[in-house]
Amino acid sequence: MKKIVTVLTAFILLLTFNHHSYAAKQQDSRIYSLIIDRFMNGNEDNNKHIHNEKDDTLPYGGDFNGIISKIDYIKKMGFNTIHISPVFEKDQKDYLGYHVKNYDKIDAVYGGEKQFKKMIQLAHDKHMKVIVDMPTVATNEFTATKDTKMNDFQSKYFKDVKIIDLNNAENQKKYKDAMTKFVDKYQVDGLSMYAMQDGIDAHKIFPDGIETIAILNEDLKVNGFDHIQKKSTTLKLANAFKTTDQEIPASFEKNELLSSDNFFMPRFTNYAANENMFPGTRIKQLMSYLMIQKLPISMTYGTEIAMNGDKTPDIHQLLDFRVEKEVIDYLEVTSGVYKKYNEMFNGKSEVIYNKKGNQLIYFDTDKVDFIYNINNRSKATNIKLDSKRIPKDKMLSGLLIGDRVHYKDDAFSLITNREEAELYAVVKNQGFNNGYLIAAGTIIVLFTAFIIGASRNRKKYLANQK
């Protein structure tokens with residue numbers, strides 16, 4: 001009975017909602033960033049030599065097969081790009097993968113070359129990209145730099161390990177040759193790097209024709225990267241959404257990648273927990289906001305289950321797929337709406353209101369305009385927009401919650417509850433149109449038929465019992 005009512009309700013909503021979704025270009029990268037060893041162990045055979053004995057600083061055995069088994073899980077949450085930790089042969093006690101020993105060989109612990117290729121091919125079959133993070137440890141063929149900039153997490157991890165001098169011309173050539181060979185052989189879509197040296201130029205170390213990302217955990221200057229995750233912006237986003245009533249960033253540089261943490265930072269959940277805030281709500285607010293941006297974004301694995309931690313190895317826990325799926329379901333629904341109305345990412349966008357956690361973004365497109373309203377405040381808000389912004393003959397039709405706003409008392413009143421977000425389409429004022437009447441009549445007829453059918457079946461059942 002509940003399923004029938006749900007289907008009929010969905011049917012009436014589809015008929016009453018008269019504006020259309022439009023085909024548009026693919027959204028910018030929506031990146032799910034994972035540590036191979038800590039994501040999923042899909043094959044026990046390739047890690048029989050691992051003896052963890054409950055030492056969380058040692059590998060757990062995650063591998064490419066584990067990623068393969070969960071690609072649909074990643075895609076359903078709205079991500080079109082998988083960003084993975086280094087894949088090369090490494091120190092066997094290193095679970096992160098940056099203590100690389102050989103830039104020419106895929107680590108057998110992860111499944112080796114065959115499974116790596118299989119994972120990439122499956123991702124491509126599902127129209128997803130694969131970006132691999134590149135280590136910069138100075139193996140024998142490279143000379144080391146004496147000038148690195150690392151945060152505390154990186155310093156404790158790398159200790160006295162030597163880092164390649166990527167401003168040295170000879171090193172640049174050798175590194176670029178290795179990266180070009182890697183990309184050509186495995187057909188990965190992009191390369192990323194935790195930059196730990198000033199002045200690194202992506203054009204001198206990475207091949208052309210791929211997506212390149214620099215991740216900065218210190219204030220560094222780098223060049224030539226398509227996207228940069230900046231330390232200052234990462235902290236602004238984490239602090240804006242760790243609790244309510246905080247100023248939300250209103251603008252970003254055009255080449256930024258937006259995220260609230262990374263492999264070498266405290267977990268976003270930790271920021272929220274320190275404020276005694278409910279992590280699920282904080283994560284939903286954060287990700288709703290990030291996914292509406294016209295820039296690449298990244299979410300670190302485990303954020304969807306509120307993975308916590310402020311130091312290693314706590315920030316790199318094994319992903320538990322059996323936990324409460326509230327955030328996972330929210331990401332699936334929200335990203336689905338954004339993808340369906342992808343037209344908004346092709347037009348111009350402007351922040352038209354921004355005050356202590358309540359922000360409105362106006363998306364101006366050639367077909368349908370949209371307004372995103374995020375209320376990250378501790379109380380309900382009511383923002384009024386006049387007819388200079390929205391014509392009187394229009395209405396706002398909510399796509400996430402379903403709110404419908406009409407022009408009344410000389411304004412459109414956008415009312416949202418605390419810690420809530422809504423995306424409106426600005427459409428022609430429909431009122432109670434023919435579609436609504438047809439849908440209403442249809443649901444009544446179908447429901448009546450269901451009741452009659454159920455009644456007849458019950459009578460037959462009782463007759464057969466006599």
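Two strands pair if DSSP finds at least two bridges between them, and strands (E, at least two residues), like helices (H or I, at least four residues), are DSSP runs numbered from the N terminus. The legends below describe a predicted model, in which local features need pLDDT of at least 70, side-chain atom pairs count only at pLDDT 80 or more, and totals for chains, interfaces and linings use all residues. Residues are numbered from 1 along each chain as its sequence is written, and side-chain values use heavy atoms, with hydrogens and water left out.

**View 1**

**View 2. Parallel pairing on strand 5.**
Strand 5 (residues 129-133) is largely enclosed by the rest of the structure, because four of its five residues are buried, where buried means under 20% relative accessible area, exposed over 50% and partly exposed in between (1.4 Å probe, protein chains only). Strand 2 (residues 81-84) runs parallel to strand 5 and is joined to it by four bridges, with Val130 in strand 5 as the bridge partner of Ile82. Strand 6 (residues 190-194) also pairs with strand 5 in the parallel sense, over three bridges, and here Val132 has Leu191 of strand 6 as its bridge partner.

**View 3. The aromatic pair of Tyr32 and Phe39.**
Rings of Phe, Tyr and Trp (its six-membered ring) pair if their centres lie within 6.5 Å, and planes under 30 degrees apart count as stacked, over 60 as edge-to-face and the rest as tilted. By this rule the model holds 28 aromatic pairs. The ring centres of Tyr32 and Phe39 are 6.0 Å apart and the planes stand at 70°, so this pair is edge-to-face. Tyr32 is buried, with a relative accessible area of 0%, and Phe39 is likewise buried at 0%.

**View 4. Arginine charges over tyrosine rings.**
A charge sits over a ring if NZ of Lys or CZ of Arg is within 6 Å of the ring centre and within 35 degrees of the ring normal. Arg38 lies over the face of Tyr95, at 3.8 Å from the ring centre, while the charged end of Arg389 sits over the ring of Tyr362, 5.2 Å from its centre.
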